[in-house]
Amino acid sequence: MKQNILDLTKKELENEVKPSFRANQIYQWIYQKYANSFEDMLNLPKNLRAELAEKYTLSPISLVKEEQSKDGSKKYLFALKDNLTIETVLLPMKLEELDEEGKRVHHARYTICVSSQVGCKIGCAFCLTGKSGFVRNLGAGEIVAQVLFLKKINNIDAQRRVNIVYMGMGEPLDNLQNVVKAVGIFADIDGLSISPRRQTISTSGLSPQIVKLGKMDIGALLAISLHAIDDETRVKLMPINKAYNIKSIIDAVKTFPIDMRKRVLFEYLIIKDINDSIQSAKKLVKLLSGIKAKVNLIYFNSHVGSDFQRPSERDVTAFADFLNSHGLLCTIRQSKGLDISAACGQLKQRLKNELA
Ligand code: SAH
Ligand code: SF4
């Protein structure tokens, strides 16, 4: 089988092609000129193009299904070379910014939510991906391919930088090596040029891996899927909490290097009658005191076969107001793409049901 060229860092590619400046050109063709074949890479010698085509593939994923939501977000189901499937989501956000002269300008800012594994070992009670079990890690190039593909088919300018969140299917810190490699490939200035500061790695709280990632100091941002404020509740939602409890996560986060202007993001999935009380909000404020934190509240998104329920808007708003009024920065994640089987794993599951 051909190798995936998107798996290669520029350093690795430099070792493959001579002279090494060819690696810069190849990177630019792939990531900035969106070349669809090696044949298109016109400033490379013909024999090099033929050699590359012989050895490598440029497209390790193919589109199976695309869904668009009313709010503009799009969800993609991709097939990998071994026919396993993964999901990727494009989230456009309209932004109002001030230009250099202080005038208001509107433009779209894109966030792309990538998968890092096929399935997931963590098995959270509320998550469809977790229910389907673990199949395999994605290679760095399979992670990179998701962003490249989305930029290409949505005609997003090569210069237009996007944000990346590792919040699709899988536990990124359980595939640390490939995720860290992907962060580096994304950041290459001859490539997509997405700074690590625009990349957020979300974890269910593998404390030792958080410490390890922190020590690597790659500059990526950290998000913790906290979802509960006491071990008793959390263990019911996330069995991983038996191995790594809330205290171990908070201790690990305290070792994580954070950019002066940045914060650690704590995701809190609100489930009706489980963790939506003001009492919980109070404890959350206490738990995160002393950490440069920002909380992102997420509505639980109900799916077939789930015992949990979506919280009321009133309770979520009250929860958010409590945090904000007690000095804990908090936003509510607008349930983007609710009408397109929003949360991770749901498109894949629906397609399975449709085919069954
Ligand atoms: N495994 C990592 C990476 C993201 S998991 C982690 O858990 O942090 C995918 C994201 O989808 C998580 O933020 C999770 O909280 C969210 N999610 C999973 N099931 C959901 C559901 N039913 N409703 C809303 N969000 C859900
Ligand atoms: Fe895995 Fe994240 Fe889903 Fe939990 S929420 S099962 S860690 S993908």
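Glutamate 12 is partly exposed, with a relative accessible area of 30% (buried means under 20%, exposed over 50%, and partly exposed in between, using a 1.4 Å probe and protein chains only). Its side chain meets that of lysine 181 in a salt bridge, 3.0 Å from N to O (a salt bridge is a side-chain nitrogen of Lys or Arg within 4 Å of a carboxyl oxygen of Asp or Glu). The pair links distant parts of the chain, 169 residues apart, with glutamate 12 in helix H1 and lysine 181 in helix H6 (residues 176-187). Helices (H or I, at least four residues) and strands (E, at least two) are DSSP runs, numbered from the N terminus.

This is a predicted model, in which local features need pLDDT of at least 70 and side-chain atom pairs count only at pLDDT 80 or more, while totals for chains, interfaces and linings use all residues. Residues are numbered from 1 along each chain as its sequence is written, chains are lettered from A and ligands numbered from 1 in the order in which they are written, and side-chain values use heavy atoms, leaving out hydrogens and water.

- The chain is divided into domain 1 (1-58) and domain 2 (59-355), with bounds that come from an automatic or database domain assignment.
- Taken over C-alpha atoms, the centres of domain 1 and domain 2 are 31 Å apart.
- Contact (heavy atoms within 4.5 Å) involves 19 residues of domain 1 and 22 residues of domain 2.
- About 1700 Å² is buried between the two domains, and carbon and sulfur atoms give 54% of that area; buried area is the accessible area (1.4 Å probe) that two parts lose on being put together, summed over both.
- In domain 1, Leu6, Tyr31 and Tyr34 lose the most area to domain 2, together 36% of what that side buries.

- Three salt bridges are found across the interface of domain 1 and domain 2.
- Lysine 10 pairs with aspartate 190 in a salt bridge, with the closest N and O atoms 2.9 Å apart.
- Lys10, Asp188 and Asp190 are linked in a network of salt bridges.
- Helix H1 (10-16) and helix H2 (21-32) each supply at least two residues of the side of domain 1 that touches domain 2.
- H2 gives the most to that side, with six residues.

**Other salt bridges to find**

- How many salt bridges does a search of the whole structure find? The search finds 13.
- Lysine 121 forms a salt bridge with aspartate 174, and their closest N and O atoms are 3.2 Å apart.
- Arginine 197 forms a salt bridge with aspartate 259, and here the closest N and O atoms are 2.3 Å apart.
- Arginine 197 lies in the loop between H6 and strand S10 (199-203), and aspartate 259 in the loop between H9 and S12, 62 residues apart.
- Is aspartate 259 buried or exposed? At 18% relative accessibility, aspartate 259 counts as buried, whereas arginine 197 is partly exposed at 37%.

**Backbone details worth a look**

- A cis peptide bond joins lysine 18 and proline 19, with omega about -10°.
- Proline 19 is found in the loop between H1 and H2.
- Tyrosine 34 has a phi near 50°, a positive value in a residue other than glycine, and counts as buried at 17% relative accessibility.
- Histidine 227 also has a positive phi, near 65°, and is buried with a relative accessible area of 5%.
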